[in-house]
Amino acid sequence: MRNVFLFISRYRTFISFLVLQVLSLWFLFSYNRFHRARFLGVANEVTGRINTQYNKVEDFFALKAENQRLHRFNDSLLGLLPRNFSVHDTSMRQLQDSVPYDTAGHYRRYSYYPATVVYNTVNAQKNYLQINRGSAQGIRDNMAVMGSDGSAVGVVVNVSANFSQVMSLLHVQSSVSASLKRSGDFGTAEWDGKDPRYLLLKRIPKSVEVKKGDSVLTSPVSFSFPPGCLLGTIEAVTLDNTTGMYLLKVKTAANFLNLQQVHVVGNLDFEEQTRLNQETKKIIEEPKKTPR
Amino acid sequence: MSDFLRNSIRFCLFILVQVYVLNKIPHLHRFITPYIYYLFILWLPFTVSRQWLLVIGFITGLTLDYFTMTPGLHAAACTLIAYVRPFIIGVLTPKDNTEFNYREPSARAMQWTPYAVYVLVLTILHHGYLVFLEWLDVGSFLGFLVKLLATTGISLLLVFTVELLFSRKMKFRTNTA
């Protein structure tokens with residue numbers, strides 16, 4: 001017996017080496033066979049925590065790509081919204097046009113394109129955005145631009161092959177037809193060039209009940225914007241006594257300071273609507289030359 | 001800084017670099033897996049007893065194993081090099097202890113050639129055992145050899161890069177301390 005202890009104490013390093021080897025090989029082969037690791041439950045808790053921390057950092061670097069992916073997906077979903085479709089009055093209709101229909105016989109009025117803002121200012125009087133899509137990708141003048149949360153941002157004013165210039169809502173010449181969500185009254189959203197956080201909503205008559213916090217949407221009569229895009233919420237109500245109209249201060253829904261991903265919305269009826277509009281004007285303004 | 005604290009920090013750094021850098025970088029080739037964490041065992045102080053070396057080696061390997069979900073694989077390889085380490089050091093360092101009073105293995109403590117041999121032998125042992133164990137599970141013998149050579153090559157490159165980048169401040173063990 002004494003010899004055994006002597007042997008063990010003499011070779012204790014080698015014996016502990018063997019023990020550890022056998023232990024690790026047992027771990028390894030039992031895992032390879034059953035995929036049940038020893039102490040894996042505890043170890044998983046620890047490695048999981050550390051991995052979570054690491055993942056936060058890793059995710060940060062993938063954020064841009066992830067954001068773009070999400071944005072593209074949102075864009076495809078926006079294209080499915082019912083407000084993009086209108087119903088034709090079939091009893092009065094004689095010709096089919098080539099615009100795709102959905103299954104319920106609605107035809108598509110708005111189509112969406114994803115884009116990334118490559119340049120943006122907010123501190124000029126005339127602020128423009130530049131986006132990385134152009135005529136080659138199907139962008140046309142007068143298309144509306146929405147932020148990634150669906151809030152109104154601006155209108156395309158100029159396109160090149162691969163880029164477009166967007167007149168931001170924060171442009172002193174910008175004028176967007178807007179409506180109050182609560183009452184549905186139409187007004188015009190403009191910008192006075194002062195504070196990039198606020199727009200002005202004009203031409204709401206004082207007969208309408210207006211409260212602070214009311215939502216202001218793009219109106220159904222806008223040629224560019226699809227109806228119901230959030231423009232902002234009313235921040236302050238003032239009455240302009242000379243005109244009898246409200247002068248409403250609207251807090252913009254889109255944060256123009258950090259716009260990254262946007263949707264460009266094209267009204268497929270835009271040409272027809274504007275042509276009709278112009279022809280009407282021509283008829284009304286030159287009534288004597290064109291006999292009715 | 002005490003040896004314990006120093007080596008604890010080093011342990012964490014090596015494991016984190018191995019798990020989150022070397023295991024994450026896009027693979028150069030299916031045969032090449034860069035390893036650096038075992039340098040922790042190579043850098044342990046001379047004063048650590050052989051028993052403790054084995055335990056530390058086992059824990060180091062097992063820690064990495066639980067990150068890579070291969071329980072036992074690296075632990076076995078690390079235990080092996082922790083066991084062999086004292087023999088190699090005994091062969092390669094001068095017997096005359098009056099001249100030899102560095103704290104832990106390094107190029108300056110052991111001279112470049114013996115240190116290189118020390119690293120090379122333990123690297124081949126570590127990778128050889130590791131790849132051998134993987135080969136038992138899946139793989140072919142030729143793949144085993146190629147993988148051993150490629151992995152050893154890339155790991156040696158890493159080890160010597162680290163060695164040159166982080167020149168450890170070698171403090172003498174003195175009688176006064």
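I start with helix α1 of chain B, on its exposed side: B:Leu5, B:Ser8, B:Ile9, B:Leu13 and B:Val21 are exposed there. Please keep in mind that this is a predicted model.

Now the other side of that helix. α1(B) covers residues 3-22, and its buried residues are B:Phe14, B:Gln18 and B:Val19. Looking down the axis of α1(B), the buried residues fall within an arc of 110°, so they line one face of the helix. What do the buried residues of α1(B) pack against? They pack against two helices of chain B, α2 at 39-42 and α3 at 50-68.

Next, the contact between the chains. Chain B puts 17 residues into the contact, and chain A puts in 17 residues. On the chain B side, at least two residues each come from α3, α4 (73-92) and α6 (112-137). The largest share of that side, 7 residues, is supplied by α3(B). So much for where they sit; by type, the chain B residues that touch chain A are 11 nonpolar, 4 polar and 2 charged.

Over to chain A, and its barrel. Chain A has a closed barrel of 6 strands, in the order β3-β4-β7-β6-β5-β14, with antiparallel pairing. On average, neighbouring strands of this sheet are turned by 45° against each other, direction ignored. Take one pair from the barrel. Strands β5 (residues 144-147) and β6 (residues 152-159) of chain A run antiparallel and are joined by 3 bridges. Opposite A:Ala144 stands A:Val155 in β6(A).

Last, strand β8 of chain A, residues 176-180. Is β8(A) mostly covered or mostly open? Mostly covered: 4 of its 5 residues are buried. Which strands does β8(A) pair with? One is β9(A), residues 186-190, which runs antiparallel to β8(A) and is joined to it by 4 bridges. Another is β11(A), residues 215-218, paired with β8(A) in the antiparallel sense over 3 bridges.

A:Ala178 has a partner in both. In β9(A), the bridge partner of A:Ala178 is A:Gly187, and in β11(A), A:Thr218 stands opposite A:Ala178. The hairpin of β8(A) and β9(A) has 5 residues between the strands, and in that hairpin A:Gly184 takes a positive phi near 80°.

That is the end of my part.

Note on methods:
Residues numbered from 1 in each chain as written. Chains lettered and ligands numbered in written order. Predicted model: local features only at pLDDT ≥ 70, side-chain atom pairs only at ≥ 80, totals over all residues. Buried ≥ 20, exposed ≤ 12 C-beta atoms within 10 Å, placed from the backbone. Arc of directions from axis to C-beta. Contact = placed C-beta atoms within 7 Å. Nonpolar A, V, L, I, M, F, W, Y, C, P; charged D, E, K, R; others polar. Pairing = 2+ DSSP bridges. Axes fitted to C-alpha atoms, helices over the stretch in contact; angles between N-to-C directions.
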